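Me: Hi! Could you walk me through this model?

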Amino acid sequence: MLMLLADARLPTGAHTQSAGLEPAMNAGLTIAQVPDLLTARFATVTAVEAGTAVVARHLTISCAPALLGDALVELDIAWQARTISPALREASAMAARGYLRLLGTLF
């Protein structure tokens, strides 16, 4: 139940960063091009994130506890390979650390 609370609806959530929109606009992206950027992100980033979440959930259910850590490390390596932007990888890692701190406090 606590994990449901530690999601994007809280101040540590995904809404705290723009996922590349601000840097793109600083680099010359126009307001008219924002829908194209979002469409591309939905077609790529969302699929990777959703797929990673599904695999992680499957691993936590089906993996022997002694093997779970290694399996999740391998999954993280695969996720990083599919998340090309270092800025997005770092933002995601920072959000994850925030979720874990919040969950630890709530628990």
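Reply: Happy to! This is a predicted model, where local features need pLDDT of at least 70, side-chain atom pairs count only at pLDDT 80 or more, and totals for chains, interfaces and linings use all residues. Residues are numbered from 1 along each chain as its sequence is written, and side-chain values use heavy atoms, with hydrogens and water left out.

Me: Great. How many helices and strands does the protein chain have?

Reply: The protein chain has five helices and zero strands, in the order α-α-α-α-α along the sequence. Helices (H or I, at least four residues) and strands (E, at least two) are DSSP runs, numbered from the N terminus.

Me: And what percentage of the residues count as buried?

Reply: Of the 107 residues in the protein chain, 17% are buried. Buried means under 20% relative accessible area, exposed over 50%, and partly exposed in between (1.4 Å probe, protein chains only).

Me: Let's switch to helices α3 and α4. At what angle do their axes cross?

Reply: The axes of α3 (residues 34-62) and α4 (residues 65-82) cross at roughly 175° and come within 10 Å. Axes here are lines fitted to C-alpha atoms, for helices over the stretch in contact, with angles from 0 to 180 degrees between N-to-C directions. The two helices are therefore roughly antiparallel to each other, a label for angles over 145 degrees.

Me: Nice. Which residues make that contact?

Reply: From α3, they are Val48, Glu49, Thr52, Val55, Ala56, Leu59 and Thr60, and from α4, Leu68, Ala71, Leu72, Leu75, Trp79 and Arg82. Contact means heavy atoms within 4.5 Å. By class, the contact of α3 with α4 has nine nonpolar, two polar and two charged residues. Ala, Val, Leu, Ile, Met, Phe, Trp, Tyr, Cys and Pro count as nonpolar, Asp, Glu, Lys and Arg as charged, and the others, Gly among them, as polar.

Me: Zooming in, what does Thr52 touch?

Reply: Setting aside residues up to four places away in sequence, Thr52 touches Leu75 and Trp79. Thr52 sits in helix α3, and a polar atom of its side chain lies 2.8 Å from the backbone oxygen of Val48.

Me: What about Leu68, which residues is it in contact with?

Reply: Leu68 is in helix α4. Leaving aside neighbours within four places in sequence, Leu68 is in contact with Leu59, Thr60 and Cys63. At 21% relative accessibility, Leu68 counts as partly exposed.

Me: How far apart are Leu68 and Ala56 in space?

Reply: They are 9.6 Å apart, C-alpha to C-alpha, and twelve residues apart in sequence.

Notes:
Angles under 35 degrees count as roughly parallel, over 145 as roughly antiparallel, 65 to 115 as roughly perpendicular and the rest as oblique. A polar contact is a pair of N or O atoms within 3.5 Å; within protein, one must be able to donate a hydrogen and the other to accept it, and residues adjacent in sequence count only if both atoms are side-chain atoms.
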